[in-house]
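Work through the exercises below with the structure in view. Try each task before reading its solution.

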Amino acid sequence: MWQAEVRVDLDAIRDNVAMLRARTSAEVLVAVKADGYGHGMVPSARAALAGGATWLGVATLEEGLEVRRAGIDAPILAWLLSPGLPLEQGVAADIDLSAATPALLDEVVAAGRRAGRTARVHLKLDTGLARGGATPDEWPALLEAAAKAQADGHVEVVGVWSHFACADEPGHESVDRQLAVFTEGLALAERWGITPRYRHIANSAATLIRPDAHFNLVRVGIAAYGLSPVAGETFGLRPAMTARARVTLTKRVPAGQGVSYGLTYVTPRETTLAVVPLGYGDGVPRHASSAGPVLIGGTVARIAGRVCMDQVVVDVGDEPVVAGDVATLFGPGTHGEPTADDWAAATGTINYEIVTRFGSSRVPRHYDGELA
């Protein structure tokens, strides 16, 4: 018997990746960072590869090493690297590393020497997101350093890449501008003698709606897990995660009863309250207070009052809910339950955050499907 759980349909991840793979002639990298967006990094990686992905993407070096320790030998790119990390571990594990500054490139070169191998590197160009990557003004210096390191046999420049800021907003003018900067950056790389095998800028949104941005590798994140990056469009994706719990108790209360911390919710009538054992300690956003939808007793009700660390209270009205009944916070939506998109709308965030919140919680994660 379980009290609360997250269920992940690995077949949905596989099928989502297969659908995305069919939409492009490029190879597909699936991002499994942040514990697979809350779905489990290693199981999600295996499902993605089963769906036709040829690359895996992680943010941190340790994430990449964890994938390798699981026995997965597919190409991996790790891209969020602070100075001073033991990068030689990544080189030894055949993990590609991203570099955006000559200083970090020097660390990659040194890591290769320590590992006794040629390090594989992807040079990142900031085309307008103003986050990671070398700015266009910094790009020539990075190319010069990379060209020398490659000529000396210390690194292999496997890729040149960037990241969109607004690809999830169809028609946003920044997308074309970033593509132009990226194309110019690739041309300059060639003038330095750098002709990388992989050129990649497309994220999930661009994979779905901007085929002109695919080049020869696309990086898929949220779409692999069945959630759309573009508002109002589903693209036939199947959400893979369901979060649910069993009601611990119910009670009948009169009109005018304050509920949960601060008594911010007051019952408008005599009603039944159901206690659900999931709270912000498990991934439920506190912003879901008096807002988060829950399928319980055959109807969708709202959280009543503040989300607590371990539990929420749901006002179910006159529904005959009893202890032990299942309360579903979100899922694919195929049985009338709210979706991660519904939760995102109710809490003023994005579907990415909703599912990722459940990745590091105490709630057990169970797997469904042929791949489970």
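**Exercise 1.** Find how strands β16 and β17 are joined, and in which direction they run.

Solution. Strand β16 covers residues 299-303 and strand β17 covers residues 312-317. They run antiparallel, joined by 2 bridges. Two strands pair if DSSP finds at least two bridges between them. Helices (H or I, at least four residues) and strands (E, at least two) are DSSP runs, numbered from the N terminus.

The model is predicted: local features need pLDDT of at least 70, side-chain atom pairs count only at pLDDT 80 or more, and totals for chains, interfaces and linings use all residues. Residues are numbered from 1 along each chain as its sequence is written, and side-chain values use heavy atoms, leaving out hydrogens and water.

**Exercise 2.** Place the strands in their sheet and name the edge strands.

Solution. The open sheet has 9 strands, ordered β11-β14-β17-β16-β15-β18-β10-β1-β19. Its pairing is mixed.

**Exercise 3.** Describe how helices α6 and α7 pack.

Solution. Take α6 (residues 102-115) and α7 (residues 139-151). Their axes (lines fitted to C-alpha atoms over the stretch in contact, with angles from 0 to 180 degrees between N-to-C directions) come within 9 Å and cross at roughly 15 degrees. α6 and α7 are therefore roughly parallel, a term for angles under 35 degrees. Contact (heavy atoms within 4.5 Å) involves Pro102, Leu105 and Val109 of α6 with Ala141, Leu142, Ala145, Ala146 and Ala149 of α7.

Notes
Parallel < 35°, antiparallel > 145°, perpendicular 65-115°, else oblique.
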